[in-house]
Every structure is written in structure tokens, then in C-alpha cells.
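These are my notebook entries on one structure, set down in the order in which I looked things up.

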Amino acid sequence: MSKGADIELIQVTKRYGAALAVDAVSLKIPKGTYCCLLGPSGCGKTTTLRMIAGHESITQGDVRLGPTVVTDLPPARRGTAMMFQSYALFPHLDTVDNVAFSLKMKGVDKSTRRAKAMEMLKLVQLDHLAERRPAQLSGGQQQRVALARALITDPQALLLDEPLSALDPFLKIKVRQELKKLQLQLGISFIHVTHSQEEAMALSDLVVVMNGGRIEQAAEPREVFNRPATAFVARFMGDHNVLSGRVAGRADGAVTFEVPGGVSFTAPDEAGLEPGAPVEIAVRTDRIRIADAVIPGCGLTGLVQNIEYHGQKVQVALAAPGVDDFAVQVPESAFFAKPLSIGEAVPLAWTPDDIHLLKPSPSA
Ligand SMILES: Nc1ncnc2c1ncn2[C@@H]1O[C@H](COP(=O)(O)OP(=O)(O)OP(=O)(O)O)[C@@H](O)[C@H]1O
């Protein structure tokens, strides 16, 4: 079998009775992609993954793996493998037999399946613990056994449901790097469900942000972070200020928006919006500078509400008329060269290119 296959979801819908868990989702995942399905609890990411795996029936729509429509095929005949959040290892079997299990079910003889299982254990660097049972392994080691067990079927794509959620923060980062390395080495697609934007950005070639059973944005991590499609994406990815207002005027290829308190934002006129039109904008918290004076359209005076030390940077929350929560990230050295205090009035500045226009949410 050739390595990897494109995966396509065509208007995939899942209903549980009257409840709509996944709403006509269409998505293309080219072979060899590290794809993260990202979103808050209940947005439909696990259901989407399980429909790709065949562990959940599809109410409407199709899933295609390479040239084959797999919608009605059982999990074992799809060419995908799934690694579960709980790892689901058999406690009475040693590591090598846990990994070899699916080959045993297929009737592969003992020496062949054990040899293949050892090969998989080498791949995840656990061959030295082949004789141990799950209870004698650490959480991280059990996770690697589960990974080897999923990979023994030579899948075209590996599906991972919150694979890092049970690990402590240090191990999380280490295993994250191992997953990425393994995906590159195998050359197949990994589809990884997570609610952590940090995890999704660190791992993905393709981030799929879901909300209310729909896709809000599917793009490379840099695109999702720099050009969030909707207010939901900007807020979920974090480090953005999101503001609602109306178009106040247009002139010389620029458009000015005003939020209810009177603060205005000038941005490049890309969307051709008419005066009075409602609009939502995002501006990254690290693109705002502490200035000497405010330039209308490219700045505001904020009153400091809160200061949080984050190590490399300091997060300052400010308020202005009509703007309740405007966060600014100040590099650590700049902050401590001229510290701010709560209640202080601070002039802030940005450039029109940093104002990003958001689209209405598809799940609104
Ligand atoms: N077996 C089920 N029966 C009824 N409703 C379900 C079932 N499984 C999921 N749902 C509902 O479908 C929606 C999507 O659930 P899903 O588990 O896919 O979300 P999720 O994004 O993976 O959330 P989490 O991060 O909490 O796992 C939720 O509203 C959930 O309550």
C-alpha cells in the first residue's frame, strides 16, 4: 500500500436525536498533513474524528480516504487507526502482545506478529520494555504503547483523540515533539483533537477551528493567528483584542470604524464597507505600543485595570470609553524600564495595518 492518502469530508452531519453535533462540515486534509481539530468542549471535534474513524455513524454526507468513500465501512476496513484518550490497553497482556493484538485478530502467526510489534516498539523507543504489563509503565510509556498499537496496522492516517491531555506539562511538550517527529518520519496524516490552541499551533500544518458543530476557519497556524476569520477564532486563539463598532467613514483607501464610546480605528479599506455598516475588528495585543500621545484612529488613552507578569512579557489590561477590556503585551524589559501602575492613564498607539477586519461567524 502506498503511504498516506488525502482525506475529504463532504457535508458531513451528525445528529443525536434532535441535537445537531456536527453541521454539514466539509474539509480536505492532503496526505502527509498534521491536522489539529481545535475548539471548546462540545464543539463537535471528537464526533468529527470518530466519524472519520468509523466509530460513529454519519447522519448525512460522506468521508473519502484517497479514492474510496469509506462512509459505510467498519473501522478496521477504512485504512485509518485511532489512538484513544484512555489508551485502552489490555491490563493482562504485556507490551508486545498489546501492540500485536490487532494482528492476532487478523490471524497473523505469532512470530510474524511479535516481530512486527517489536518493530513498532522500536519506532516509539519502547522495545526495552516489551515484557512489561501496562501497570508497570508510566503514563507517557503507556501512551507510546497505544501509539505503537495503532500504527501496527500501517494506517493511511492516524487519528488521535486528546492524546496529550493525561500528561503533565513537561511530558506534554516532550511527547508533542515526538508525535511531530513520528508523523514526519511516517509521512502519513495525523488528525489530532485538542482544545489547546498552543498545542494546535505547535503541531499543525492545518488548524481546523470548530465552534457549534461548524468550521470557523481551516488554515495554517500563522494564518489563523494573524488573520483570524471570525471574532470566535480571534478570541479562542487568544492574544487579540476584539471590538465591535460601525463604519464611520471611508477616504483614500482607508476605512474608519467607531466603537460606541467614540474610540476610532483606521484600517485598510479591503471589504468596501459602507458607512453605518456593523463591523468587528481584531488587533493583536503585542502590536500595541505605549506612546507619548494618541493619534486618532491609531490609538486610545486607556486606564490601567490590571497587570500580570508573564515572564518574557507583561500583560496590561486597560479600559477606555466603550472599550471594557483592551489588553496590551509589553516586553518584560520595556515594562520594567518604565513600569505602569493600576489606575494610570496610558496613551496607546498602533498602525492601520494591524487592524484586522473579522467576518460574521458561520455558527452565529
Ligand atoms: N452519544 C451522544 N449522544 C448525544 N449527544 C452527544 C453524544 N456524543 C456527543 N454528543 C453531543 O454532541 C456535541 C459534540 O460533542 P463532541 O464530543 O464531538 O464535542 P467535543 O468538541 O469533542 O467536546 P469535548 O472536548 O468535551 O470532548 C455535544 O453537544 C455533545 O453533548
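Entry 1: I began with an open sheet of five strands, whose order is 15-19-16-17-18 and whose pairing is antiparallel. I took helices (H or I, at least four residues) and strands (E, at least two) as DSSP runs, numbered from the N terminus. I counted two strands as paired if DSSP finds at least two bridges between them. The edges are formed by strand 15 (289-290) and strand 18 (323-331), each of which pairs on one side only. Strand 15 pairs with strand 19 (residues 345-349) in the antiparallel sense, over two bridges. In that pairing I found R289 opposite A349 of strand 19.

**Entry 2: the basis of these notes.** I noted that this is a predicted model, in which local features need pLDDT of at least 70 and side-chain atom pairs count only at pLDDT 80 or more, while totals for chains, interfaces and linings use all residues. Residues are numbered from 1 along each chain as its sequence is written.

**Entry 3: the domains.** Which domains does the assignment give for the protein chain? I found domain 1 (7-226) and domain 2 (231-358); such bounds come from an automatic or database domain assignment. Taken over C-alpha atoms, the centres of domain 1 and domain 2 are separated by 39 Å. Seven residues of domain 1 are in contact with five residues of domain 2, where contact requires C-beta atoms, placed from the backbone, to lie within 7 Å. On the side of domain 1 that touches domain 2, strand 9 (206-211), strand 10 (214-219) and helix 7 (221-226) each supply at least two residues. I sorted that side of domain 1 by class and recorded three nonpolar, three polar and one charged residues. For the classes, Ala, Val, Leu, Ile, Met, Phe, Trp, Tyr, Cys and Pro count as nonpolar, Asp, Glu, Lys and Arg as charged, and the others, Gly among them, as polar.

**Entry 4: the nonpolar core.** I next looked up the largest nonpolar core, which has 89 residues. Such a core is a set of buried Ala, Val, Leu, Ile, Met, Phe, Trp, Tyr and Cys residues joined through C-beta atoms within 7 Å. The residues with the most contacts inside this core are V99, A148, L158, L159, I191, V208 and I281. Both domain 1 (7-226) and domain 2 (231-358) give residues to this core, so it lies between them. I then followed L159: leaving out residues up to four places away in sequence, L159 touches L49, I52, A53, T80, A81, M82 and I191.

**Entry 5: strand 3.** Why do I call strand 3 (residues 34-38) largely enclosed by the rest of the structure? Five of its five residues are buried; a residue is buried if 20 or more other C-beta atoms lie within 10 Å of its own, exposed if 12 or fewer, and partly exposed in between, with C-beta atoms placed from the backbone. Y34, C36 and L38 point one way from strand 3, and C35 and L37 point the other way. Strand 3 runs parallel to strand 8 (residues 189-194), joined by five bridges, and there C36 stands opposite H192. Strand 3 also runs parallel to strand 9, with four bridges, and there C35 stands opposite L206.

**Entry 6: the ligand shell.** Which residues are around the ligand? I listed Y16, A19, A21, G39, S41, G42, C43, G44, K45, T46, T47 and H195, taking a residue as near if its C-beta atom, placed from the backbone, lies within 6 Å. Strand 2 (19-29) and helix 1 (45-53) are the elements that give two or more residues to this shell. Helix 1 gives the most, with three residues. The shell divides into four nonpolar, seven polar and one charged.

**Entry 7: positive phi.** Most residues other than glycine have a negative phi. A24, in strand 2, has a positive phi near 50 degrees. A24 counts as partly exposed, with 16 C-beta neighbours inside 10 Å. E162 also has a positive phi, of about 45 degrees, and is found in the loop between strand 7 (157-161) and helix 5 (169-186). With 19 other C-beta atoms within 10 Å, E162 is partly exposed.

**Entry 8: Q156.** Is Q156 buried or exposed? Q156 is buried, with 22 other C-beta atoms within 10 Å, and is found in the loop between helix 4 (139-151) and strand 7. From Q156 to D168 I noted 12 residues in sequence and 30 Å in space, C-alpha to C-alpha.

Methods
Contact = placed C-beta atoms within 7 Å.
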